[in-house]
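Student: Could you go through this model with me, piece by piece? I have it open here.

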Amino acid sequence: MTSSVRPTTIALATVGALTTGCLAYAIYFDHKRRTNPEFRKALKRESRRIAKAEKEEAEENADRQKQTIRSLVSSAQEEGFPSSVEEKEAYFMTAVGRGESLCQNESTHVEAAFSFYKALKVYPQPGDLITIYDKTVPKPVLDILADMVAFDGSLAIGSDAGTVDE
């Protein structure tokens, strides 16, 4: 008599063996972590090393972003802004539209904030526009925009400042 092993039996045996192996390794790892002081120290060292690398990378990214913001604001100031009312209105609408479309994607938040910054520069009452931005623009984009406004000394935003100094 020939007896054949069904494929489901082979699959169940394989899954059972893999599960048992994973469980045994987890128990071994936990036992070693609890009883071996050198192993615990190595785990802590590795954890600290990873945390330090992540912190350094975050600081580098923040510095890089600030440099990008400074260069964008400087280039916008050098480029200049429209002077007539019709040109300002068209420029404003284009910049706001571009900013709204760009802020949907997380990778283009800096470009979105730059578009909103350009619109802010030509708006007659920037303080009112900032209030509107607070309600409509996502927080990460708003934070970048705040850095741009802080870097630009010619933009006066406040309760008594309703115009752009040029």
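Student: Is Ala53 buried, partly exposed or exposed?
Tutor: Ala53 counts as partly exposed because its relative accessible area is 38%. Buried means under 20%, exposed means over 50%, and partly exposed is in between, using a 1.4 Å probe and protein chains only.

Student: Where did the model come from, and how are residues numbered?
Tutor: This is a predicted model, where local features need pLDDT of at least 70, side-chain atom pairs count only at pLDDT 80 or more, and totals for chains, interfaces and linings use all residues. Residues are numbered from 1 along each chain as its sequence is written, and side-chain values use heavy atoms, with hydrogens and water left out.

Student: Which helix has Ala53 in it?
Tutor: Ala53 is in helix α2. Helices are DSSP runs (H or I, at least four residues), as are strands (E, at least two), and they are numbered from the N terminus.

Student: How far is Ala53 from Thr131?
Tutor: Their C-alpha atoms are separated by 38 Å, and the two residues are 78 apart along the chain. Another pair is Ala90 and Gly21, 69 residues apart along the chain, with 67 Å between their C-alpha atoms. Ala90 is in helix α3 and is partly exposed because its relative accessibility is 43%.

Student: New topic. How many salt bridges are there?
Tutor: Searching the whole structure gives five salt bridges. The term means a side-chain nitrogen of Lys or Arg within 4 Å of a carboxyl oxygen of Asp or Glu.

Student: Why would such groups pair up?
Tutor: Side chains of opposite charge can pair when their charged atoms come close.

Student: What does Arg49 pair with?
Tutor: Arg49 bridges to Glu46, and the closest N and O atoms are 2.5 Å apart. The two are three residues apart in helix α2, so about one helical turn separates them. Arg49 is partly exposed, at 49% relative accessible area, and Glu46 is partly exposed too, at 35%.

Student: And Arg34, what is its partner?
Tutor: Asp30 forms a salt bridge with Arg34, with 3.1 Å between the closest N and O atoms. Both are in helix α1, four residues apart, which means about one helical turn lies between them. Arg34 is exposed, with a relative accessible area of 57%, whereas Asp30 is partly exposed at 26%.

Student: Which residue bridges to Lys139?
Tutor: Lys139 bridges to Asp143, and their closest N and O atoms are 3.0 Å apart. Lys139 is exposed, at 58% relative accessible area, while Asp143 is partly exposed at 38%. They are four residues apart in helix α6 (residues 139-151), so they are separated by about one helical turn.

Student: Which helix gives the most to the nonpolar patch?
Tutor: Helix α1 (residues 7-35) does, with three residues. Tyr25 lies in helix α1, and Tyr25 counts as exposed because its relative accessible area is 53%.

Student: Which residues form the positive patch?
Tutor: Arg40, Lys41, Lys44, Arg45 and Arg48 form a positive surface patch. Lys and Arg count as positive, Asp and Glu as negative, and His and the chain ends are not counted. The place of a charge is NZ of Lys, CZ of Arg, CG of Asp or CD of Glu. Lys44 lies in helix α2 (residues 37-79) and is exposed, at 53% relative accessibility.

Student: Is Asp152 buried or exposed?
Tutor: Asp152 is buried, since its relative accessible area is 2%. Asp152 is in the segment after α6, and a polar contact of 2.6 Å links its side chain to that of Tyr117. A polar contact is a pair of N or O atoms within 3.5 Å; within protein, one must be able to donate a hydrogen and the other to accept it, and residues adjacent in sequence count only if both atoms are side-chain atoms.

Student: Last one. Where is Thr108?
Tutor: Thr108 is in the loop between α3 (85-102) and α4 (109-122). Thr108 is buried, with a relative accessible area of 18%. A polar atom of the Thr108 side chain lies 3.1 Å from the backbone oxygen of Asn105.

Definitions and conventions: Patch = residues over 30% accessible without salt bridge, like charges linked within 9 Å, V, L, I, M, F, W, Y side chains within 5 Å. Areas by Shrake-Rupley, 256 points an atom, 1.4 Å probe, with all protein chains shown as cover.
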